[in-house]
Amino acid sequence: MDNLLAELLPAPLNSHCRVLSIKNTMLVLAADSPVWAARLRFHAPHLVKQLAQQPSGKRCTIHVRVRPPESALVPPPRKPGLRPGIQGIA
């Protein structure tokens, strides 16, 4: 389904969205950021029509969630010797 989504969405939107889940007639899509989610919501009615025209397509509703890519969820490394909440005494 991710491949079909990439084909149907215009560039560069297609590289910032992915399928999270499909339940009955609900398609849940994830966008990298709130900006891309807004653009995807704007494009959703057209996407519903495109999906209905596919050979195995049926009418569906689209829900959009903001989910950063997996690589963005890794916290940056901490500097050695510093502990959160403790500041040096001068």
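Student: What should I know about the numbering and the model before I start?
Tutor: Residues are numbered from 1 along each chain as its sequence is written, and side-chain values use heavy atoms, with hydrogens and water left out. The model is predicted, so local features need pLDDT of at least 70, side-chain atom pairs count only at pLDDT 80 or more, and totals for chains, interfaces and linings use all residues.

Student: What is the mean pLDDT of the protein?
Tutor: pLDDT is the predictor's confidence in each residue, from 0 to 100. Where pLDDT is low, the predicted coordinates should not be read in detail. Here the mean is 86, and 82% of the residues reach 70 or more. Confidence is lowest in helix 1 (residues 2–8), at a mean of 91, and highest in strand 3 (residues 61–66), at 96.

Student: How many helices and strands does the protein have?
Tutor: Helices (H or I, at least four residues) and strands (E, at least two) are DSSP runs, numbered from the N terminus. The protein has 2 helices and 3 strands. Along the sequence the pattern is α-β-β-α-β.

Student: Which way do strand 1 and strand 2 run?
Tutor: Two strands pair if DSSP finds at least two bridges between them. Strand 1 and strand 2 run antiparallel and share 6 bridges. S21 has V28 in strand 2 as its bridge partner. The two strands form a hairpin, with 2 residues between them.

Student: In what sense do strand 2 and strand 3 pair?
Tutor: Strand 2 (residues 26–31) pairs with strand 3 in the parallel sense, over 6 bridges. L29 stands opposite V64 of strand 3. In a regular strand the side chains alternate between the two faces of the sheet.

Student: What unit do strand 2, helix 2 and strand 3 make?
Tutor: A crossover is right-handed if, with the strands pointing away from the viewer, the path from the first strand over the helix to the second runs clockwise. Strand 2, helix 2 (residues 34–52) and strand 3 make a right-handed β-α-β unit.

Student: Is N24 buried or exposed?
Tutor: Buried means under 20% relative accessible area, exposed over 50%, partly exposed in between (1.4 Å probe, protein chains only). N24 counts as exposed because its relative accessibility is 71%. Buried residues make up 26% of the 90 residues in the protein.

Student: Which residues in the largest nonpolar core touch the most other members?
Tutor: A nonpolar core is a set of buried Ala, Val, Leu, Ile, Met, Phe, Trp, Tyr and Cys residues joined through side-chain atoms within 4.5 Å. Of the 19 residues in the largest one, L5, L9, C17, L29, L40, L47 and I62 touch the most other members. Helix 1, strand 1, strand 2, helix 2 and strand 3 each supply at least two residues of this core. The largest share, 7 residues, comes from helix 2.

Student: What sits over the ring of W36?
Tutor: A charge sits over a ring if NZ of Lys or CZ of Arg is within 6 Å of the ring centre and within 35 degrees of the ring normal. The charged end of R39 sits over the ring of W36, 4.8 Å from its centre. W36 is in helix 2. W36 counts as buried because its relative accessible area is 15%.
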